[in-house]
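Me: Got a model open here and want to go through it. Can you take my questions as they come?

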Amino acid sequence: MSVTLLDIVWAAVGAVALVTAVSILGVSLVWLERKFLGRLQGRPGPNRVGPFGLLQPVADGIKLLWKEDVSPGPSAKVLFYVAPLLVFVPSFVVWLTIPFTRDLALRNLDTSVFFFVAFSTLSIVGVLLAGWSAASKYSVLGGFRAAAQLVSYEIPLIVIAITMVALAGSMSFVDIVEAQRTVPYIALVPLAAVLFFIAGLAEIGRTPFDIYLAESEVVGGPLVEYSGAHWAVFYLAEYGNTFLVGALTALLFLGGWSWPFGTLPAPAAVALFLTKSYFVTVLIFWVRGTYPRLRIDQMMSLGWKILIPLSFVTLVTVVVQRFYGWPSWTLTLMSLATLALAAWLQTRLQGAPARALAEKYRRDAVVVQAKPRLHREAPAAAKVEASS
Amino acid sequence: MTTTDQRQVDMMLNLGPQHPATHGVFRMLLTLDGERIVDMEPHIGYLHRGSEKLCENESYGQIVTLFDRMDYIANLNNELVFVRAVERLMGLEVPERAQFIRVLLCELNRVASHLLFLGTYGLDVGAMTPVMYTFRERERIQNIFESVTGARLMHNYIRIGGIKEDVPSDFTARVRAALEFVKRGVDETDRLLSFNEVFLLRTKGVGVIDAKTAVSCGLTGPNLRASGVPYDVRKDNPYEVYPYLTFKVPVGERGDCWDRYYMRVLECHESISMIEQCLDLLPDGPTMTQTRRIARPPKGEVYVHAENPRGDIGVFLVSDGSDKPYRLKVRPPSFCNLVALRPMLLNSYVADSIAILGSIDIVLGEVDR
Amino acid sequence: MIAGLKGFLTTIRWVFKRPVTANYPEEHLPVQPRYMGFPALLWDTTADEPFCTGCMVCVRECPTQCMSARMHDNPNFAAGTSHRRKIIEHFEINYNRCILCGICVDVCAFDAIEMTHEHELASYARNGARADLPILLSQGRRWMERSGWRPRNPEKNVAGVALAKRAPATAATKLDTGSGKAPSREDDA
């Protein structure tokens with residue numbers, strides 16, 4: 001197979017179209033996040049630039065592009081400026097194989113899940129470099145946190161992806177979606193969906209896993225020294241990744257562009273897929289508006305002690321179920337049972353003792369009884385200082 | 001080839017004074033082994049305004065405005081303790097209505113201060129929503145302050161011998177209406193944050209200080225009570241009209257961040273009940289003692305203390321008989337509570353340093369004065 | 001995990017409620033009647049001159065020394081239309097220093113200065129935070145119109161009443177001076 005000029009032109013057109021589309025999606029998320037968080041908190045959110053503040057991200061972008069691009073004196077300049085690209089490029093390359101509907105993908109690989117896994121790990125290098133090259137202690141701390149966090153949470157993410165591959169019997173997103181035509185996989189393996197969502201939150205550094213960005217601890221972590229356009233690139237990559245997690249969850253668990261009532265025409269299918277993806281991203285923002293942030297060691301133990309074992313358990317149950325050909329409701333049952341067990345254990349070990357303690361404090365407070373008040377009509381004779 | 005140098009070097013991390021989570025301009029010099037804190041050195045004084053020295057050059061009436069600006073979250077409580085010191089020295093008897101209004105407003109201010117703490121503490125541990133909810137309810141209290149004192153923060157309302165002017169006619173109704181919202185806001189924050197899994201993980205067993213260390217560090221207020229010492233100036237050395245109120249002093253037992261946090265949630269409820277009692281008991285009468293316009297306390301010295309939202313605030317006042325104090329020393333609760341930061345902080349993580357500092361609830365205006 | 005779910009319900013409820021924020025430049029929240037904005041000097045309409053005699057009490061009592069004042073002989077006193085021997089010639093308040101404590105109002109014996117509702121006085125001028133006598137007097141007149149301000153001690157301070165008391169022959173029946181009752185700020189609109 002030889003590469004013709006036309007192929008190159010098409011590749012360039014496709015790349016431009018992809019970057020544009022993903023950027024627009026990312027920018028739309030900036031608005032959505034700010035608006036939704038605002039409403040969660042009883043604020044109107046952005047409402048100045050354009051109708052409903054829709055042009056706010058554009059104004060932000062213009063502002064960022066006009067800002068001076070500062071780099072710290074002792075920073076490793078080349079790495080400092082290459083790092084944003086190392087984060088940006090993989091997060092966009094992953095989109096190459098994400099199908100928006102059956103026929104709408106830039107490259108419809110048979111191994112698209114594998115492609116996604118391979119490229120999503122790359123951005124760790126960029127974050128680590130960004131943290132290290134800025135020659136700031138905060139960004140170094142943030143960079144190391146990021147490396148530890150992203151590497152650990154790759155594992156459950158990938159294992160769950162493999163589980164879905166095993167369930168569908170194909171490494172292609174298209175086939176995985178087609179396999180969910182009647183029943184989306186979230187109904188089959190809710191536990192896997194929850195694990196994937198949690199691991200995805202950690203992968204993109206969203207609350208409660210925004211540990212390497214933590215603005216109240218390491219003040220933005222690896223990004224602390226970036227400004228202007230370079231910071232904007234990180235920002236765009238972050239929102240691209242956020243939407244990626246939404247899209248992947250929609251593809252793997254919510255049935256992508258398919259619904260149980262027959263085949264949709266292509267535009268409606270794309271719209272359905274985008275709706276599902278946006279729904280998951282709104283869920284991500286909702287978590288951000290509700291949860292505090294974990295500590296690095298707690299996050300690591302959550303990852304290694306809970307998420308990874310549970311994801312392997314899911315993989316094994318799915319493989320066993322497929323191998324012996326058990327009915328699929330057994331899978332749902334096992335999954336739900338595990339989820340319920342986890343919830344029960346959490347309540348038993350953590351929530352209930354805290355509530356008991358709170359009740360105890362409420363009950364055992366020292367009561368100070370009021371003295372009866374004499375001389376009600378004679379305010380002057382009330383009292384001087386009772387203390388000595 | 002030479003062998004690599006295997007020496008371990010601890011990293012010094014300068015947290016503050018421009019760090020977003022140090023509640024002002026506090027600076028901690030952390031020595032880190034990885035993420036673990038092996039040593040901590042606090043640096044204060046970035047907000048030093050020389051308030052105590054300034055007081056020697058201001059007349060007694062003017063000093064009230066300086067006390068407003070020490071603990072700028074609990075202004076009325078601060079005004080009250082200074083004014084009580086002067087009144088004690090002068091032997092003034094304050095009309096009972098004025099005392100009730102003072103206590104009522106101080107308790108309102110305590111709720112406002114604790115609401116601010118609940119919100120910002122959520123922010124410290126990474127939850128961004130509680131702060132919006134608590135500020136919304138705090139706003140209602142500020143509105144009441146504005147309608148009573150004319151200012152939202154720097155009131156200059158509690159004067160030597162009474163209060164500036166009587167409360168407006170719709171005061172009782174407004175306070176009762178606002179309290180309903182405030183109760184709802186406290187409950188909402190309680191529901192959102194107190195038992196959240198991640199919040200429990202971040203605060204349970206973090207920054208533990210036992211009762212003995214707490215007392216020897218001079219910890220007061222909710223921080224001390226969280227360690228299990230039932231010390232409250234309102235209970236142990238009652239002032240103003242506190243003897244006429246029934247209230248509970250919540251006491252913790254673990255002395256960790258969560259206990260310190262939860263003490264404040266409970267105190268909000270107690271303060272609200274005290275405000276309601278004050279409203280019920282509020283007598284009629286004058287609100288100001290007839291005194292000379294310029295206060296000239298007799299020669300002497302006096303120490304007065306009171307329960308602020310942050311702890312036991314004390315004012316030591318030496319008068320030489322003129323219209324300005326000879327010397328004025330404040331025992332600021334935030335500053336004394338900060339002493340306990342180091343024992344709480346050692347061997348915890350960087351992220352904990354913020355959670356622990358937040359749980360002490362310092363106001364830098366009072367630490368540095 | 002139950003607590004976390006409760007938290008989700010708590011936050012999502014607000015999406016369906018009206019935001020509590022006021023859109024500031026379009027919507028101004030009303031200030032309370034007692035609100036203390038920047039102080040201004042009041043105008044004695046009976047003598048067509050300021051109440052202020054430039055006695056310097058407020059200047060001395062100000063905790064931040066934000067004011068300066070200078071007095072001169074009152075031409076209206078010589079003409080017999082006012083009871084003030086001295087009148088303010090120059091008065092300046094530095095808004096950057098003013099802390100809105102209201103002490104100047106408390107100490108003033110001439111009903112000459114009052115805390116108005118003036119705020120939002122930011123300006124682009126480098127020296128824009130200094131208010132001189134004409135500015136302060138115009139703010140004071142605006143405050144009198146808006147709030148229906150009445151002097152606390154008209155017998156002593158309002159030129160018409162004071163003169164009428166001294167010389168009952170020139171009965172000041174047409175003067176609109178209000179009663180001797182202490183003004184209440186709750187009357188303000």
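Me: Among contacts in chain A between residues at least 6 apart in sequence, what share join residues at least 24 apart?
Reply: 76% of them. Contact here means heavy atoms within 4.5 Å. Ground rules first: this is a predicted model, where local features need pLDDT of at least 70, side-chain atom pairs count only at pLDDT 80 or more, and totals for chains, interfaces and linings use all residues. Residues are numbered from 1 along each chain as its sequence is written, chains are lettered from A and ligands numbered from 1 in the order in which they are written, and side-chain values use heavy atoms, with hydrogens and water left out.

Me: What's the secondary structure of chain A?
Reply: 13 helices and one strand. Helices (H or I, at least four residues) and strands (E, at least two) are DSSP runs, numbered from the N terminus. The order of elements is α-α-α-α-α-α-α-α-α-α-α-α-α-β.

Me: What box do its C-alpha atoms fill?
Reply: For chain A, roughly 105 × 60 × 40 Å along the principal axes.

Me: And how much of chain A is buried?
Reply: 52% of its 388 residues. Buried is under 20% relative accessible area, exposed over 50%, partly exposed in between (1.4 Å probe, protein chains only).

Me: Switching to the interface. How many residues of chain A are in contact with chain B?
Reply: 55 residues of chain A, against 75 of chain B. The buried area is about 5800 Å², with 57% from carbon and sulfur atoms. That area is the accessible area (1.4 Å probe) that the two parts lose on being put together, summed over both.

Me: How many salt bridges between chain A and chain B?
Reply: Four. The criterion is a side-chain nitrogen of Lys or Arg within 4 Å of a carboxyl oxygen of Asp or Glu. One of them joins Glu35(B) and Arg145(A), at 2.5 Å, N to O.

Me: Which element gives the most to the chain A side?
Reply: H13(A), with ten residues. By type, the chain A side divides into 25 nonpolar, 13 polar and 17 charged. Ala, Val, Leu, Ile, Met, Phe, Trp, Tyr, Cys and Pro count as nonpolar, Asp, Glu, Lys and Arg as charged, and the others, Gly among them, as polar.

Me: Which strand of chain B does S1(A) pair with?
Reply: S6(B), residues 247–249, antiparallel, over three bridges. Pairing takes at least two DSSP bridges between two strands. Val367(A) stands opposite Lys248(B) there.

Me: What do S8(B) and S9(B) form?
Reply: A hairpin, with five residues between the strands. S8(B) (311–319) and S9(B) (325–331) pair antiparallel over six bridges. Phe316(B) has Lys329(B) as its bridge partner. In the turn, Gly321(B) has a positive phi of about 90°.

Me: Now Arg110(B). Why does it count as buried?
Reply: Because its relative accessibility is 1%. Arg110(B) sits in helix H4 (residues 96–124) of chain B.

Me: What does Arg110(B) touch?
Reply: Beyond residues up to four places away in sequence, its contacts include Arg234(B), Glu267(B), Glu307(B) and Asn308(B). A polar atom of the Arg110(B) side chain lies 3.3 Å from the backbone oxygen of Asn308(B).

Me: Last one, Thr64(C). Where is it?
Reply: In the loop between helix H2 (57–61) and strand S4 (67–73) of chain C. Thr64(C) is buried, at 18% relative accessible area. Leaving aside neighbours within four places in sequence, Thr64(C) is in contact with Arg97(C), Cys98(C) and Ile99(C).

Technical notes: Polar contact = N/O pair within 3.5 Å; in protein donor to acceptor, adjacent residues only side chain to side chain.
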